[in-house]
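Hi everyone, thanks for letting me take a few minutes today.

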Amino acid sequence: MEYKFAAKQNYGDLSSGKVIYGKSGNTNFPVRLGNEIFLRAVSYLKDTSNLSVYNPCCGSGYLLTTLGFLNGNIIKEIIGSDIDLDSIEIARKNINLLTSDGLNKRLNELIQLYDSYDKESHKEAILSVKKLISERKFGEIKFNIFERNILAIEPEPLLTADIIITDIPYGNMKTWENGDGGVEDLIKNLRKNASNNTVLAIIAGNHIKIKSPNIRILEKNKIGKRCFYIFKYID
Ligand SMILES: C[S@@+](CC[C@H](N)C(=O)[O-])C[C@H]1O[C@@H](n2cnc3c(N)ncnc32)[C@H](O)[C@@H]1O
């Protein structure tokens with residue numbers, strides 16, 4: 001796959017566990033690839049400003065947080081849900097890093113850690129957070145992070161997203177919890193969170209076939225062990 005939109009650059013300031021909090025056992029999506037998929041999804045929208053972006057399997061919010069840092073100028077709302085409460089707690093902390101208050105608090109936290117342990121990794125994280133603070137050029141983004149089993153019909157949150165982007169569980173990167181319908185149920189249950197213009201990007205293992213009467217495919221790309229699909233809903 002050739003990259004069309006996401007620049008080849010150093011994304012090191014956004015590495016997991018540096019400024020953005022990591023959670024052991026959680027998968028972290030490659031930053032450039034995540035941004036490429038997001039920007040391809042955006043390219044199918046008519047109106048590309050004030051976007052509301054939803055990840056219904058957000059884990060610790062790494063993908064959403066990196067997308068926020070890279071595209072804060074076009075995003076007005078970030079929505080994330082997951083079945084795992086520990087991950088949701090970290091996702092809230094991570095998404096809060098998109099605010100200048102959150103970044104400054106993280107800077108103070110890292111300075112205290114460096115003063116206590118004198119570790120090179122904390123020193124590097126301090127440099128990264130300072131860069132993120134000085135380069136932050138976007139306004140306020142609304143956040144909504146909550147618990148949801150996306151394979152269950154209820155409860156159905158009242159929200160509509162312009163872009164739904166999700167890295168579903170596959171292979172050794174976590175498995176579906178509390179449901180056996182898998183990705184088809186996810187697509188069905190997200191219908192009420194989509195308008196007719198919503199673009200849905202799903203990243204899965206390349207052994208997973210996605211078929212659903214509710215969607216039409218806009219593109220499918222293979223990259224390494226992963227595959228990503230971009231869809232629109234059919235009425
Ligand atoms: C591949 S990980 C996503 C990682 C995320 N993109 C990130 O950057 O941190 C898949 C996520 O799906 C969640 N999950 C598994 N079963 C679920 C379900 N039934 N409903 C909602 N989330 C579920 C897992 O808890 C896990 O966080």
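This is a predicted model: local features need pLDDT of at least 70, side-chain atom pairs count only at pLDDT 80 or more; totals for chains, interfaces and linings use all residues.

Find helix α4, residues 100–117, and helix α5, residues 120–135: their axes come within 9 Å and cross at roughly 160°. How do α4 and α5 run relative to each other, parallel or antiparallel? Anything over 145 degrees counts as roughly antiparallel, so that's what we call α4 and α5. The crossing itself is left-handed.

Now, who is touching whom? On the α4 side you'll find, among them, Leu 103, Leu 107, Leu 110 and Tyr 114, and they face a group in α5 that includes Ala 125, Ile 126, Val 129 and Ile 133. Sort the residues of this contact by class and you get twelve nonpolar, two polar and three charged.

Let's zoom out to the domains. The chain is split into domain 1, which is 12–98 plus 141–233, and domain 2, which is 100–138. Between their C-alpha centres there's a distance of 27 Å. How many residues make the contact between them? Nine from domain 1 and eleven from domain 2. If you look at the domain 1 side of that contact, four residues are nonpolar, three are polar and two are charged.

Next, another helix pair. Helix α1, residues 31–42, packs against helix α2, residues 62–71, at about 70°, and the axes are 10 Å apart. Angles from 65 to 115 degrees count as roughly perpendicular, so α1 and α2 get that label. From α1 we have Val 31, Gly 34, Asn 35 and Phe 38, and they meet Leu 63, Thr 66, Leu 67, Leu 70 and Asn 71 in α2. By class, this contact has five nonpolar residues, four polar ones and no charged ones.

Last stop, the ligand. It has 25 residues around it, and the closest are Cys 57, Gly 59, Tyr 62, Ile 83 and Asp 167. What is that shell made of, by class? Eleven nonpolar, nine polar and five charged residues.

Methods: Residues are numbered from 1 along each chain as its sequence is written. Axes are lines fitted to C-alpha atoms, for helices over the stretch in contact, and angles run from 0 to 180 degrees between N-to-C directions. Helices (H or I, at least four residues) and strands (E, at least two) are DSSP runs, numbered from the N terminus. Angles under 35 degrees count as roughly parallel, over 145 as roughly antiparallel, 65 to 115 as roughly perpendicular and the rest as oblique. A crossing is left-handed if the near helix is turned anticlockwise from the far one by less than a right angle, and right-handed if clockwise. Two residues are in contact if their C-beta atoms, placed from the backbone, lie within 7 Å. Ala, Val, Leu, Ile, Met, Phe, Trp, Tyr, Cys and Pro count as nonpolar, Asp, Glu, Lys and Arg as charged, and the others, Gly among them, as polar. Domain bounds come from an automatic or database domain assignment. A residue is near a molecule or strand if its C-beta atom, placed from the backbone, lies within 6 Å of it.
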